[in-house]
Amino acid sequence: MKSTYKKRIFWAVGTVIALCLCFILCRFTFIESHGSYQYPVLLLVVGIVTVILAAIFDGRKVMISTVVGYIGGFALGIIFNVDGVDQGGGATNNWWIIWTISFIALIAAGVIWEVISKCISNKKRV
């Protein structure tokens, strides 16, 4: 029983470290690409909360998809962002929308992957 908890903690700590490394990369290294100081922190907090919940429910696939979603969503946002002008003449950009939707979609995919995997695992045991 203790072994299971140690594995969960190990996975959670490793995933949080990976998320923090991705955060440092996105927030400090590529700041010239996006110019946002606060948004990477917000998504990091969402990612850490997701990892903690996944650790409680033993969802390693969710943890993996959270890290992939954070860095993958950032990359998709940088690749596909579009600059625009709003009706008042202010500059707009959809980078943060692409990053958020990609991040949430990959977390959701990880949850679905985890549920399907556990259902298949339970059917094999029966």
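## Overall layout

The model is predicted. The chain contains five helices and two strands. Read from the N terminus, its elements follow the order α-α-α-α-β-β-α. Along the principal axes, the C-alpha atoms fill a box of roughly 60 × 25 × 20 Å.

## Packing of α4 against α5

Two packed helices are described by the angle between their axes and the distance between the axes. Helix α4 spans residues 60-80 and helix α5 spans residues 95-125. The axes of α4 and α5 come within 7 Å, with a crossing angle of roughly 155°. An angle over 145 degrees counts as roughly antiparallel, and α4 and α5 are therefore roughly antiparallel to each other.

The crossing of α4 and α5 is right-handed. Sorted by class, the contact of α4 with α5 has 15 nonpolar residues, eight polar residues and three charged residues.

## Packing of α3 against α5

Helix α3, residues 39-56, also pairs with α5: their axes come within 12 Å and cross at roughly 5°. Because angles under 35 degrees count as roughly parallel, α3 is roughly parallel to α5.

On the α3 side, the contact is made by Y39, P40, L43, V46, G47 and T50. On the α5 side, the contributing residues are W95, W96, W99, T100, F103 and I107. By class, the contact of α3 with α5 comprises nine nonpolar and three polar residues, with no charged residues.

## The largest pocket

Rolling a probe the size of a water molecule over the atoms shows where empty space is left. In this model, the largest pocket holds about 210 Å³ of space. Its lining is formed by D58, R60, K61, E114, S117, K118, S121, N122 and R125.

Helices α4 and α5 each supply at least two residues of this lining. The largest share comes from α5, which provides six residues. By class, the lining of the largest pocket has six charged residues, three polar residues and no nonpolar residues.

## Summary by element

Helix α5 is roughly antiparallel to α4 and roughly parallel to α3, and α5 gives the largest share of the lining of the largest pocket. The contact of α3 with α5 has no charged residues, whereas the lining of the largest pocket has no nonpolar residues. The contact of α4 with α5 includes residues of each class: nonpolar, polar and charged.

Technical notes. Residues numbered from 1 in each chain as written. Predicted model: local features only at pLDDT ≥ 70, side-chain atom pairs only at ≥ 80, totals over all residues. Heavy atoms only, no water. Axes fitted to C-alpha atoms, helices over the stretch in contact; angles between N-to-C directions. Helix = DSSP H or I, 4+ residues; strand = E, 2+ residues; numbered from the N terminus. Parallel < 35°, antiparallel > 145°, perpendicular 65-115°, else oblique. Left-handed = near helix turned anticlockwise from the far one by under 90°. Nonpolar A, V, L, I, M, F, W, Y, C, P; charged D, E, K, R; others polar. 1 Å grid on protein atoms, 1.4 Å probe; cavity = no way out; pocket = protein on both sides within 12 Å on 5 of 7 lines; lining within 4 Å. Points joined across faces, edges and corners; volume = space filled by probe spheres on them. Contact = heavy atoms within 4.5 Å.
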